Amino acid sequence: MNNKNIRCKICGLTANYKNIVFDANGVCNFCHEAEQHTDLKTLLTFDDEEKLINSLQKYKNKNGKYDVVVPLSGGVDSSVTLIRIVKKYNLVPLAFHNDHGFEDEVATDNVKKLCKILDVDLIIKQQDINFMKKLFHYTHSMKNRTLSSCFVCGGIIYANALEIANAFNIPMVINGYSKGQAFMMDNNNDTLELWSGLLEEFQKDENFFKEFMYKQEPMKTQILLKNKNDLKKPLPKGKHLVIPFYVFKFNHTDKEMLRKECEELFDWKPIATTYPSRTTNCKMVWLNTFVDQCKLGYSMYDEEYAAIVRSGEISREQAIKDLEFIPPMELIKELASEVGTDIYLFKNKK
Ligand SMILES: [Zn+2]
């Protein structure tokens, strides 16, 4: 039976989703659970931007050049974050862009053009490609349900930003992940369980596992901004305050306007094929999503967007539109052969 067309009336999750149950009104159990939890609703948003700017000033770096590390994907959200930091927030940023071998050149070009025009120092980290290939391959190959490869890769980039903060002694990181991702990270025992299953799999390759754990080390130094009171406390030595950029008000304004602002300032260009549409994810998102769709009938993006719909930041209709998955098979085959993943194994299973 194709359950893909049966969707929750509120969040749009499909009937394929793990442990989903609908009530008589077609509303899923996760929407009901979210009503109980206040996590997502209370995740702070600073409506008073002046206050936020003022609170951040006390974390400015007294012993070095940079106040904040800003990871840039080349997308509109992170670009606008950097523009605001430079022009409005009175903070000196060090920009960071990840190139793990599967980045779209257009995205990397956006980052370079932006930093040039804003006169901001930029570090482009080219990851050890064999490590990244193994990471994708091992994650794809897990027979049991596991964390999405995108989630695991995103974790590495997240830790890289902290590594740079450590290296340059920079007090803050302003990082781009959505409320949906925050929900997934924060959320549940399920994530922890999947994480330990994945580590078990990684341990089969001793050298890879060692390097993977080494890359996680900087995570110990983060203090994640979770509520407004966190900004009253001083930052302990050796720690970095990580600020998700959905706390900023501009992040909730019309995305089209933000996009225009980027186009006018530095000739921002969208990447040709991306998933979900309107994002600036790397090419590997296609293979990762393809594998998850084959194995599970959904991907982590369905999960993430359902949470964003519940938080009221995007409509159910827009989310369904953005999530429509039309896999470019040539590209997927190419990526699969690069990382040694056998997609026919999954295709037959479907
Ligand atoms: Zn729902």
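The legends below describe close-up views of a predicted model.

**View 1. Strand S6 and the burial of its residues.** Strand S6 covers residues 240-244, and five of its five residues are buried, so the strand is largely enclosed by the rest of the structure. The side chains divide between two directions, with His240, Val242 and Pro244 pointing one way from S6 while Leu241 and Ile243 point the other way, and all of them are buried.

**View 2. The strands that pair with S6.** Strand S4, made of residues 172-175, pairs with S6 in the parallel sense, and four bridges connect the two. Within this view methionine 172 can be found opposite leucine 241 of S6. Strand S5, made of residues 222-224, also runs parallel to S6 and is joined to it by three bridges. Here leucine 224 is the residue that stands opposite valine 242 of S6, and valine 242 is itself among the buried residues of that strand.

**View 3. Strands S2 and S3 with the crossover through H5.** Strand S2, residues 93-99, runs parallel to S3, and the two are joined by six bridges. Asparagine 98 stands opposite lysine 125, which belongs to S3. The chain passes from S2 through H5 to reach S3, and the β-α-β crossover formed in this way is right-handed.

**View 4. Aspartate 119 in the loop between H5 and S3.** Aspartate 119 is placed in the loop that lies between helix H5 (105-118) and strand S3 (121-126). Its phi is near 60°, which is a positive value in a residue other than glycine. With 7 C-beta neighbours inside 10 Å, aspartate 119 counts as exposed, because a residue is classed as exposed if 12 or fewer other C-beta atoms lie within 10 Å of its own.

**View 5. The contact of helices H6 and H7.** The axes of helix H6 (residues 129-141) and helix H7 (residues 149-167) come within 9 Å and cross at roughly 145°, and the crossing of H6 and H7 is right-handed. On the H6 side the contact involves Leu135, Phe136, Thr139 and His140, which meet Ser149, Val152 and Cys153 of H7.

View 6. With 15 C-beta neighbours inside 10 Å, arginine 278 counts as partly exposed.

View 7. Helix H13, residues 300-310, is mostly covered, with eleven of its eleven residues buried. The buried residues include the charged side chains Asp302, Glu303, Glu304 and Arg310, and also Met300, Tyr301, Tyr305, Ala306, Ala307, Ile308 and Val309. Glycine 312 follows H13 and has a positive phi, near 85°.

Note on methods. Residues numbered from 1 in each chain as written. Predicted model: local features only at pLDDT ≥ 70, side-chain atom pairs only at ≥ 80, totals over all residues. Buried ≥ 20, exposed ≤ 12 C-beta atoms within 10 Å, placed from the backbone. Pairing = 2+ DSSP bridges. Axes fitted to C-alpha atoms, helices over the stretch in contact; angles between N-to-C directions. Left-handed = near helix turned anticlockwise from the far one by under 90°. Contact = placed C-beta atoms within 7 Å. Right-handed = clockwise from strand over helix to strand, strands pointing away.
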